[in-house]
Amino acid sequence: MGPLQAGTPGPTQVDTAKPSLYHQLKALPWTRVPVQDETHDRGHGRYEIRRMQVVSSDRLDFPHAAQAIRLTRRVRDQKTKKWRTVTVYAITSLTAVQARPAELAGHIRGHWGIEVLHHIRDVTYTEDASQVRTGNGPRAMASLRNLAIGILRCAGRSNIAQALRHNARDALRPLALLGVT
């Protein structure tokens with residue numbers, strides 16, 4: 001996630017671009033902060049436990065930071081049965097009144113939905129190799145790709161690359177998919 005700007009909803013993950021902020025967040029008294037949101041999920045060959053701690057702080061040296069977040073993910077691979085732990089620190093401009101821990105957890109989880117879409121566009125459509133670079137062309141092509149992905153998902157297709165190949169084999173298939181026959 002990119003840097004947090006004033007008025008931007010949701011948390012922003014802290015990376016090493018601001019190491020002093022990372023150290024500030026890591027140094028907060030997390031051992032005294034209770035876990036305020038915990039979720040358990042099973043899928044994609046793993047079992048995951050996410051524990052979120054949130055603390056309001058006006059002492060962070062970052063503009064508009066209202067809350068600090070520590071998200072600890074414990075992941076168990078179902079094949080190897082091994083556990084690994086990942087700790088992520090984040091900040092948000094939303095106050096405790098504006099966003100409770102469960103809502104912040106939803107924002108963080110929702111971010112991955114965007115990443116999945118970008119991954120599909122990068123891999124399936126090779127968007128990074130596109131020669132369309134001027135004017136509104138890149139935005140228009142991204143919109144068309146998003147539209148195609150959305151239509152295929154609404155039609156129940158989860159493998160977008162496979163669905164594109166299937167529809168490319170017959171010029172009438174995309175029309176039937178849209179209900180135009």
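Is Gln24 buried, partly exposed or exposed, going by its relative accessibility?

Reply: A word on the source comes before the details. This is a predicted model. Gln24 counts as partly exposed, because its relative accessibility is 22%. The cut-off matters here: buried means under 20% relative accessible area, and exposed means over 50%.

Now the setting. Gln24 is found in helix α1, which spans residues 19-26. Set aside the neighbours within four places in sequence. Gln24 is then in contact with Arg59, Leu60 and Asp61. Take Asp61 from that list. Gln24 and Asp61 are 37 residues apart in sequence, yet their C-alpha atoms are 8.1 Å apart in space.

Next comes Asp58. This residue is found in the loop between β3 (46-56) and β4 (67-77). Asp58 has 70% relative accessibility, so it counts as exposed. Ala68 lies ten residues from Asp58 along the chain, and 9.5 Å separates the two C-alpha atoms.

The structure holds three aromatic pairs. One of them is formed by Tyr22 and Tyr89. A pair of aromatic rings is described by the distance of the centres and the angle of the planes. For Tyr22 and Tyr89, the centres are 5.8 Å apart and the planes stand at 85°. That pair is edge-to-face. Tyr22 counts as partly exposed because its relative accessibility is 31%. Tyr89 counts as buried because its value is 7%.

Tyr89 has another partner, Trp30. Here the ring centres are 6.2 Å apart and the planes are at 45°, so this pair is tilted. It also links distant parts of the chain. Trp30 counts as buried, because its relative accessibility is 3%. Together, Tyr22, Trp30 and Tyr89 form one aromatic cluster.

The charged end of Arg74 sits over the ring of Trp83. The distance from that ring's centre is 4.5 Å.

Most residues other than glycine have a negative phi. Lys81 has a positive phi, near 65°. Lys81 sits in the loop between β4 and β5. This residue is partly exposed, because its relative accessible area is 47%. Thr126 has a positive phi too, near 45°. Thr126 is found in the loop between α2 (101-123) and α3. Its relative accessible area is 47%, so Thr126 is partly exposed.

That loop leads on to the later helices. Two packed helices are described by the angle between their axes and the distance between the axes. Helix α3 covers residues 137-154, and helix α4 covers residues 160-168. Their axes come within 10 Å and cross at roughly 95°. That makes α3 roughly perpendicular to α4. On the α3 side, the residues in contact are Ile149, Leu152 and Arg153. On the α4 side, they are Ile160, Ala163, Leu164 and Asn167. These contact residues divide into five nonpolar, one polar and one charged.

Finally, the whole chain. The protein chain has five helices and five strands. Read along the sequence, they follow the pattern β-α-β-β-β-β-α-α-α-α. Of the 181 residues, 30% count as buried. Now take the contacts between residues at least 6 apart in sequence. Among these, 51% join residues at least 24 apart.

Definitions and conventions:
Residues are numbered from 1 along each chain as its sequence is written. This is a predicted model: local features need pLDDT of at least 70, side-chain atom pairs count only at pLDDT 80 or more; totals for chains, interfaces and linings use all residues. Side-chain values use heavy atoms; hydrogens and water are left out. Axes are lines fitted to C-alpha atoms, for helices over the stretch in contact, and angles run from 0 to 180 degrees between N-to-C directions. Helices (H or I, at least four residues) and strands (E, at least two) are DSSP runs, numbered from the N terminus. Angles under 35 degrees count as roughly parallel, over 145 as roughly antiparallel, 65 to 115 as roughly perpendicular and the rest as oblique. Contact means heavy atoms within 4.5 Å. Ala, Val, Leu, Ile, Met, Phe, Trp, Tyr, Cys and Pro count as nonpolar, Asp, Glu, Lys and Arg as charged, and the others, Gly among them, as polar. Rings of Phe, Tyr and Trp (its six-membered ring) pair if their centres lie within 6.5 Å; planes under 30 degrees apart count as stacked, over 60 as edge-to-face and the rest as tilted. Buried means under 20% relative accessible area, exposed over 50%, partly exposed in between (1.4 Å probe, protein chains only). A charge sits over a ring if NZ of Lys or CZ of Arg is within 6 Å of the ring centre and within 35 degrees of the ring normal.
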